[in-house]
Amino acid sequence: MPHRWCNSAQIRREQIESGADLTFNEVFKPLLVSRITSLSPSNVLEVGAGTGHISKELFELGFSVTAIEPSAGMYRVAKDVLSLTDVRLLNCTSFDLEKNELYEVAFSHLVAHVVDDLTAFFESVGQHLKASSHFIFSIPHPCFYNEYKGFFGDEYNYMASMIKNVSFTITKDPLNTISGVPYHHRPLSEYINKLVESGFAIDGFDETYPEDDIQLKYGAKWESPRYCVFTCRKL
Ligand SMILES: C[S@@+](CC[C@H](N)C(=O)[O-])C[C@H]1O[C@@H](n2cnc3c(N)ncnc32)[C@H](O)[C@@H]1O
């Protein structure tokens, strides 16, 4: 599965570094960094770091960061992006990380909706967290994302889990299509119940809906929150 991200790594880097990816730069990076900063962790694990830009920002803010990324293409780009930092970058999944590695915060940005076994994913992150430590993760908002992207046609049923390989562009870079990447739709109850079964409590839930001045930059108002962020605590 990770190889599916290889081809898009360079495009993603350019979209992030040019500022074309408004959602990454102006919505998620500040939100995730502020949630993590408020917890003052002594170390942080980024799961599925992609191009490494959030880990880089956290390093620049003084955090001790380990980033894991299984896709060879993404890993290569992240290695370059993080070359002037002390971020520890590993080419592996959350399932392969050494058992003795423990963190005070783990986070993943737009990863949980690409994994096939959600319970196993949550458990794999949980086993690398100290007791009472936090796991913060973002996903496309299950209630609204299908309406926004139209990935599923007539077969769409909010209450049914379904997977599709999808292609997408971002608003400010409509010519570069990222294709053949997995997208799991799952109702919110599935996320919540699997978190609870995996030993987490939910401390917070953000529905990402930018301020008007940021929405204006997209050229049109958001009809609904496109993404959401869970803040969970390991019990
Ligand atoms: C949609 S991309 C998001 C990448 C990055 N977080 C970003 O927002 O730009 C999903 C990423 O999750 C990674 N991934 C998938 N399963 C993973 C796992 N079990 N552990 C760590 N990373 C995983 C993939 O290799 C891919 O780079």
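**Exercise 1. How do the residues of the shell around the ligand divide into nonpolar, polar and charged?**

Solution. This is a predicted model: local features need pLDDT of at least 70, side-chain atom pairs count only at pLDDT 80 or more, and totals for chains, interfaces and linings use all residues. Residues are numbered from 1 along each chain as its sequence is written, and side-chain values use heavy atoms, with hydrogens and water left out.

- Set the classes: Ala, Val, Leu, Ile, Met, Phe, Trp, Tyr, Cys and Pro are nonpolar; Asp, Glu, Lys and Arg are charged; the others, Gly among them, are polar.
- Count: 12 nonpolar, 6 polar and 1 charged.

**Exercise 2. Find which backbone atoms lie by nitrogen atoms of the ligand.**

Solution. 

- Apply the polar contact cut-off: a pair of N or O atoms within 3.5 Å.
- Gly-48 places a backbone N or O atom 2.7 Å from a ligand nitrogen.
- For His-109, a polar backbone atom is 2.8 Å from a nitrogen atom of the ligand.
- For Ser-94, the value is 2.9 Å, again from a polar backbone atom to a ligand nitrogen.

**Exercise 3. Describe the packing of H2 and H3.**

Solution. 

- Locate the helices (DSSP runs of H or I, at least four residues): H2 spans residues 22-37 and H3 residues 53-60.
- Read the geometry: an angle of about 50 degrees, axes 11 Å apart.

Note on methods. Polar contact = N/O pair within 3.5 Å; in protein donor to acceptor, adjacent residues only side chain to side chain. Axes fitted to C-alpha atoms, helices over the stretch in contact; angles between N-to-C directions. Helix = DSSP H or I, 4+ residues; strand = E, 2+ residues; numbered from the N terminus.
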